[in-house]
Amino acid sequence: MLTRKQYELLMFIHERLKEAGVPPSFDEMKDALDLRSKSGIHRLITALEERGFIRRLPNRARALEVIKLPDSVAPGLGTPRPRGSFSPEVIEGSLGKSKTPPAPPPAPAAPSGSMEIPVMGRIAAGVPIEAIQTHSHSINVPMDLLGKGEHYALEVRGDSMIEAGILDGDTVLIRKSESAESGEIVVALVDDEEATLKRLRKKGASIALEAANQAYETRIFGPGRVRVQGKLVGLFRQY
């Protein structure tokens, strides 16, 4: 599943290739998606390439090839939907600004000594995805795992935290918080667009988001670009 920004960029590149035969420039992509910097375009292109939707052609500047489009468009690179009609289960912004989702199916009553915790969608432990707020279902969590505060759960996608014991497909339990100590694993919102699960390191006025997988680089952001949405307090895994 693509995020809204990934989908919009893919369709913009596809439409430009059909119209002009050449891909748009990074500045054109940035303006079309209303992003503040070209670094966001680099991240989106990398994500699309890793998911097999586009390919960079070697030894040619700005050379991109669209390999496939999402199934929701049409098979065989068919006619794209108009912008705005794609509705993945994501929202922009923080966990405090949600669209009104369809009512989830009623959850079974929590057994004695446990509490129902909402599963709010997926979180990236790899290439960041957009901030998530879709209450898909609930899980029952023992009270002694919760402690004080408000909690929610997220399904993990990606492998950047495997050395911290967090695997693709795990469900992480998060305590809502707007702050964290250096070294804690947090849900971080980057530029009010992308959410990711990483270890937070404070470096002066900057914030580093550190993976637990040597295949991923630590990303460093300036003041105001990263907001903490919660801290990891538990993990669930099905075998």
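Let me start with a term: buried means under 20% relative accessible area, exposed means over 50%, and partly exposed lies in between, with a 1.4 Å probe and protein chains only. Now the model. It is predicted: local features need pLDDT of at least 70, side-chain atom pairs count only at pLDDT 80 or more, and totals for chains, interfaces and linings use all residues. Residues are numbered from 1 along each chain as its sequence is written, and side-chain values use heavy atoms, without hydrogens and water.

First, the overview. The protein has 3 helices and 12 strands. Those are DSSP runs, numbered from the N terminus: helices are H or I with at least four residues, strands are E with at least two. The protein has 239 residues, and 44% of them count as buried.

Now to strand 8, residues 185-190. How many of its 6 residues are buried? The count is 6 of the 6, so strand 8 is largely enclosed by the rest of the structure. Look at the two faces. In a regular strand, side chains alternate between the two faces of the sheet. On one side of strand 8 sit I185, V187 and L189, on the other V186, A188 and V190, and all are buried.

Next, the partners. Two strands pair if DSSP finds at least two bridges between them. Strand 8 pairs with strand 9, residues 194-203, in the antiparallel sense over 6 bridges. There, V190 stands opposite E194. This hairpin has 3 residues between the strands, and D191 takes a positive phi near 55 degrees.

Strand 8 also pairs with strand 12, residues 226-236, antiparallel over 5 bridges. Here L189 stands opposite R227.
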